[in-house]
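Thanks for coming. I will walk through one structure this morning, and you can follow along on the screen.

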Amino acid sequence: MFENLVLAAPELFTLSTMMLMMVGTVAGLLAGAVPGFTIAMAVVLVLPFTFSMSPVQGLATMIAVYVGGLSGGLMSGILTGIPGTPSSVATTFDGYPLARSGQPGLALGIGVWSSFFGGIFAALVLMLVAPQLALIGLEFQPVDYFSLIIFALTVTASLAGDQMVKGLMSGLFGLLIATVGSDVVFGQPRFTFGIDRLEQGFAFLPVLVGIFAFGRLLGDVNTSEKAHQPLGGETHVVHINYLAAAREVLSRWTNVLRSSAIGVFVGVLPAAGSTISNVLAYDQAKKASKEHDEFGKGAVDGIIAPEAANNATAGGALIVMMALGLPGDIMTAIMLGALLIHDVIPSPSFITDEPTIAYSIFLAFFVANFMMLVLQSFTLRGFVLITKVKLYMLTGVILFYCALGMFALNNISWDMWTLFFFGILGFLMRALGFPVVPLVLGVVLGSIAEARLSQVFARSDDIMVFLTRPWSLFFLLLACFSIVFPIYQKHRGKAWWAGFYPSLLLIVMAYPVFLMPGTIRPVAAGLMVLAGLIIAVLHLRRDRTPQSAE
Amino acid sequence: MTLNRDFFVALFFLVLVTVIYAATYSLPEPMFGQLASWTWPRIILIPLGFLSLVLMVQSQTSGEEAATIASFTGWLKDNVKPFICFLLFFGFLYLMPVLGMLLGGLLYVFLTLCVLGGWSPRQLGLHAGISAVFVIGMWAIFSLALGVVLPEGTLLRVY
């Protein structure tokens, strides 16, 4: 590996490539920060410029845009509550409340460092275990993807908080909205009720921005007093203390590692992407945290998890692209196209056949994360000026920008109307006490779930396949535990039965792991059973001790 | 029976579920080995209908007071500014073919700022300045730098 790195380094570390990467990172940061301007749009805009470059130079520039874009989303997500990209949806849950509580500097600093550590984690994984990890992606079939999405949807149960029924209804309503338009199998109109416009369905970005932007911004300016307050509260100077933020993030290293691992894993699965990983990581962070009641109110762990995960997902997607020639998401699909233009064809032997290019990509991803850290410090200085602006001024301008951005997405006016309709829906749902985040998740994941389900049925109509495929069973069992987790969390330390939840989780989850191929995973399953039994015995003993003492 | 807010919400969802479920019967039947168009929607509608019933039952046991015309108008009064903003946005989209993105945007941002911020002469000047700088600036970035052809109205042809 080190020989290959030595070979790749001179290719990458040239003045022109470094300059191009810096420009790319800034472009990505800006693209990620503007709601409606997606990272994919930025990477597509950069693509034609890379034709005249060498493969290493072109890919390094695109990777810089990609990494910059993933991190740029946190700026608008934290400061305005509107996710710049779908990959930063979960960042808004706690980032915006923390910024509104007068600590925008801390929120931004934590976001930047979490993105950095997530990216570095993924870069190390990329260099060390790329080929091995990519093989897991190959094991996934549509049935496994469908179960993964079902698991992702169970996140709504924990996001709903006290409003469990309304939260679940909101998620299901989101799934229902995603069914409007052309159906995925026949391409025929569904639930359009004779309205031609509805045949296009609802693009999820206008839905997402409508629900977040209108509902949140207009909800904040309903009185003159609130409208005339600056976004960052009465704090006049926004100071980003990077050292304090870094310390805060490092003190929660388990969350950083867990979220980064989730990010890489989801990135390895083709077509899963950071839209799913940021929400999954947030949910796991909430479940693991002792301060889970603080989530949604400005919890630090709630910012770390999605930001570490979405940057790590980029590394996972690059692994699959290089080792298997499969694009993990739209960005890696564009990069794959760029490689093909340069007559470089990714395949399982790509890393050994083209070590210079492969390791240049590894290094570029590594370097891009450092560039993001440095350059984001500068771009943030400009962006934090927003926190000093009065809320009503931001509201007027941002709503116009949202309309402009949504039109530019597909160059159709219908997307602006979608933005408007879902703005009203988001506003009304908030007023009626419905959490809107499950609704957004439902809309985003609904069409992916149906497409995967149709692929499952195209292969076989035997529904037992959901239980016989190890990965599918793994995610379905995990989904069951995920649904009952809020109940466990409520009774943890109070009810006797709650002490058996972790051991039951380990023992039950060991079964699908045991069914997986190879030798490592069955051994891991054995260890999981052992750990589960030890935890159960310890709980029983702990329970008996006070009784015997009495 | 208490006709409170959650009761009406649950009722709305029950009607919606019934209408959509009935609409699934007009969708085409699948061929061999294909997922029917109605399968996924029905998978969603059944639990949604069940949860709507649960919400309806909850609404009767929660102790929430009955909704009245007075409470509804009170809520409307509290949120009059957001509703005006929605109306302005509707007007902005509706008049897009006439005013276009540029003129419509200028007018929309100016009026929204005035509704939310105030109508004093000093504020009018400030809001006009903000609208001009940000709307024309962003319009120029998208149409001149990024090459996006934004909607132009019949009043002002810019391309």
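I begin with chain B, where the centres of domain 1 and domain 2, taken over C-alpha atoms, are separated by 37 Å. The domain assignment puts domain 1 of chain B at residues 5-77 and domain 2 of chain B at 79-145. Please keep in mind that this is a predicted model.

Now chain A. Chain A has 550 residues, and 58% of them are buried. Its secondary structure comes to 25 helices and 2 strands. If you take the contacts in chain A between residues at least 6 apart in sequence, 78% of them join residues at least 24 apart.

In general, two packed helices are described by the angle between their axes and the distance between the axes. Here the partner is helix α10 of chain A, residues 204-220, and the axes of α10(A) and α19(A) come within 10 Å and cross at roughly 170°. Angles over 145 degrees count as roughly antiparallel, so α10(A) and α19(A) are roughly antiparallel to each other. From α10(A), the residues that make the contact include Leu205(A), Val209(A), Ala213(A) and Leu217(A). From α19(A), they include Leu391(A), Ile398(A), Cys402(A) and Met406(A). By class, the contact of α10(A) with α19(A) has 12 nonpolar residues, 1 polar and 1 charged.

Another helix to look at is α5 of chain A, residues 89-100. From its first C-alpha to its last, α5(A) reaches 17 Å over 12 residues, close to the 16 Å expected at 1.5 Å a residue. Is α5(A) mostly covered or mostly uncovered? Mostly covered: 12 of its 12 residues are buried. The buried residues include Asp94(A) and Arg100(A), along with Phe93(A), Tyr96(A) and Leu98(A). Just after α5(A), Gly102(A) takes a positive phi of about 95°.

Now the domains of chain A. The assignment divides chain A into domain 1, residues 2-459, and domain 2, residues 464-550. Between these two domains of chain A, 15 residues of domain 1 are in contact with 14 residues of domain 2. On the domain 1 side, α7 (142-153) and α8 (155-159) of chain A each supply at least two residues. The largest share of that side, 6 residues, comes from α7(A). By class, the side of domain 1 of chain A that touches domain 2 of chain A has 7 nonpolar, 5 polar and 3 charged residues.

I finish with one residue, Leu477(A), which sits in helix α23 of chain A, residues 470-491. Buried, partly exposed or exposed? A residue needs 20 or more other C-beta atoms within 10 Å to count as buried, and 12 or fewer to count as exposed. Leu477(A) has 18, so Leu477(A) is partly exposed. Leaving aside neighbours within four places in sequence, Leu477(A) is in contact with Val508(A), Met509(A) and Pro512(A). Val508(A) is 31 residues away along the chain, yet the C-alpha atoms of Leu477(A) and Val508(A) are separated by 7.8 Å.

Methods
Residues numbered from 1 in each chain as written. Chains lettered and ligands numbered in written order. Predicted model: local features only at pLDDT ≥ 70, side-chain atom pairs only at ≥ 80, totals over all residues. Helix = DSSP H or I, 4+ residues; strand = E, 2+ residues; numbered from the N terminus. Expected span 1.5 Å × (residues − 1). Axes fitted to C-alpha atoms, helices over the stretch in contact; angles between N-to-C directions. Parallel < 35°, antiparallel > 145°, perpendicular 65-115°, else oblique. Contact = placed C-beta atoms within 7 Å. Nonpolar A, V, L, I, M, F, W, Y, C, P; charged D, E, K, R; others polar. Domains from an automatic or database assignment.
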